[in-house]
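Hi,

Here is the structure I promised to pass on. Have a look first, and my notes follow below.

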Amino acid sequence: MNVVKRIGIVGAGMMGAEIALCCARTGMDVIMKEVSQELADKGKQTIDTILSKAVAKGKMDGAEKENILARVQPTDMYEGFDEVDLVIEAILEVTDIKHKLFEELDNICKPECIFASNTSSISITKLASVARPDRFVGLHFFSPASVMKLVEVIPGLITTPATVEFGMEFCRSIGKEPVKVKNVEGFVVNRILLALMNEAYRLLDEGVATKEDIDTACRLGLGHPVGPFRLSDNISLDLLDKVHSILTDAYGERFKAPGIFREHLDAGRVGRKAGMGWYDY
């Protein structure tokens, strides 16, 4: 398959913006679409902020930063999507919304364009059922995508071997380490992560230890860069709630979040983006 030169990213939130950055800094031209120009521009500002920090630390110069930014085109339109080699979807974790998007893209993108989803938990076969199932693959990045090396590459039932290899090579081309994963809800990392987080929530609920001490124990005892409560806040509890629901439907009660998680969610303490979650920010 051809090398990706031009890519479309749908979704300019933190994940979409960081994936766009990964592509732009390796020389790809990126169209980053959102539902409004304001949100698309906000996504590009996210990239600018990340690059500015790199310049301040001496990891790149100002000219390199501007060259990377120039490769990212924020938009609320599909103009230019007829020329992209790959589209990566990074929008809400809701099957119907993703289906609608891929149906729209199927009418716009060139026939050889590959479709990919950054879903963290939804079946790739299910997502691919509405458009190009043979040229559809899961590319699950991890946050922050500009730093984290791992990408889970997930074929659906009808995904061709050539499409899977395309996905693997694309990940390597932007400096990532891909792992091929069978199409099951939650894939590999999120099944392990949600089980760990649930046990951390239960430890807090049972009064075994404070959230601060549980986070410290996981950092120093397990070698995790951040503990489960800090990580929950970074991911956001409302997104985690969707993943909990998907995994509970698939695997049963072992993935059901305990009451203390629901209490925080109901109180609007959804994480860093709200200024309050398990911790205050």
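Before the strands, a quick convention: two strands pair if DSSP finds at least two bridges between them. Helices (H or I, at least four residues) and strands (E, at least two) are DSSP runs, numbered from the N terminus. This is a predicted model, where local features need pLDDT of at least 70, side-chain atom pairs count only at pLDDT 80 or more, and totals for chains, interfaces and linings use all residues. Residues are numbered from 1 along each chain as its sequence is written, and side-chain values use heavy atoms, with hydrogens and water left out.

Let's start with strand β5 (residues 114-117). β5 runs parallel to strand β6 (residues 136-141), with 3 bridges joining them, and Ala 116 has Val 137 as its bridge partner in β6. β5 also runs parallel to strand β4 (residues 86-89), this time through 4 bridges; here Ala 116 is the bridge partner of Ile 88.

Which way do the β5 residues point? Ile 114 and Ala 116 go one way, Phe 115 and Ser 117 the other, and all are buried (under 20% relative accessible area, with a 1.4 Å probe and protein chains only).

Now the helices. Helix α9 (residues 228-235) packs against helix α10 (residues 237-251) at about 95 degrees, and their axes are 6 Å apart. The two are therefore roughly perpendicular (65 to 115 degrees), taking axes as lines fitted to C-alpha atoms over the stretch in contact and angles from 0 to 180 degrees between N-to-C directions. Ser 232, Asp 233 and Ile 235 in α9 meet Leu 237, Leu 239 and Leu 240 in α10 (heavy atoms within 4.5 Å).

Cheers

Key: Angles under 35 degrees count as roughly parallel, over 145 as roughly antiparallel, 65 to 115 as roughly perpendicular and the rest as oblique. Buried means under 20% relative accessible area, exposed over 50%, partly exposed in between (1.4 Å probe, protein chains only).
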